[in-house]
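Colleague: I have a model open and want to learn to read it. Can we go through the features in turn?

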Amino acid sequence: MISLRKARTIVRKAMEKGTEDGMKPLSVVVLDAGGHVQAFERADGAAPGRFAIAHGKAYGSVMLGMAGTAQMARAEAQAYFMNAANGVFGGQVIPVPGGVLLRGKKGEVIGAVGVTGDTSDNDAIAAMAGIDAAGLTGEI
């Protein structure tokens, strides 16, 4: 389980990392292990559709138990699988970096973070900054 306090820390620190590194305006979402939104923020100047993208990155991570980088590799190797999985989840999966899986102390999935706004790699860097600040384990 991820607490609201830790979810808020992830969001705040990911946003701070984006600002410090001169990234474009970010949007950050934290989902619990069931795919429910625990916390979300969209920076000033971020496009209004960014919630859906951040959510899709995190949602795919939670529902498939695979981080965004692994999802992207799977999509490149087996596009039919990711297309089918995305169909199962109503088109909500965005299989790219920036969707970071959260794991508990025993390796169990406890949630995911989705960041969008800059390059996918920078989105993942911002997510990990928030996750590290919250003292949690992230899988890119």
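The dialogue below takes the sheet, a hairpin, a helix and a loop residue.

Modeller: Ground rules come before features. This is a predicted model, so local features need pLDDT of at least 70 and side-chain atom pairs count only at pLDDT 80 or more, while totals for chains, interfaces and linings use all residues. Residues are numbered from 1 along each chain as its sequence is written, and side-chain values use heavy atoms, with hydrogens and water left out.

Colleague: In what order do the five strands form the open sheet?

Modeller: Start with the terms. Strands (E, at least two residues) and helices (H or I, at least four) are DSSP runs, numbered from the N terminus. Two strands pair if DSSP finds at least two bridges between them. Here the order is β2-β1-β4-β3-β5, with antiparallel pairing. β2 and β5 (137-139) are the edge strands, each pairing on one side only. On average, neighbouring strands are turned by 20° against each other, direction ignored. Angles run from 0 to 180 degrees between N-to-C directions, and axes are lines fitted to C-alpha atoms, for helices over the stretch in contact.

Colleague: How many bridges join β1 to β2, and how many pair β1 with β4?

Modeller: In a regular strand the side chains alternate between the two faces of the sheet. Strand β1 (residues 27-32) is joined to β2 (residues 37-42) by five bridges. Valine 30 stands opposite alanine 39 there. β1 and β4 pair over six bridges, with serine 27 opposite threonine 116. The β1-β2 hairpin has four residues between its strands, and glycine 35 takes a positive phi near 85°.

Colleague: Which residues of α1 are buried?

Modeller: An α-helix has 3.6 residues a turn, so residues three or four places apart point the same way. Buried means under 20% relative accessible area, exposed over 50%, and partly exposed in between (1.4 Å probe, protein chains only). In α1 the buried residues are Ala7, Thr9, Ile10, Val11, Ala14, Met15 and Gly18. Their cover includes β1, β2, β3 (99-103), β4 (109-116) and α5 (120-133); contact means heavy atoms within 4.5 Å. α1 lies across β1, β2, β3 and β4, at about 25° to β2. Just after α1, glycine 22 takes a positive phi of about 70°.

Colleague: Why does glycine 49 count as partly exposed?

Modeller: Because its relative accessibility is 42%. Glycine 49 lies in the loop between β2 and α2 (50-64). Its C-alpha is 21 Å from that of lysine 17, 32 residues apart along the chain.
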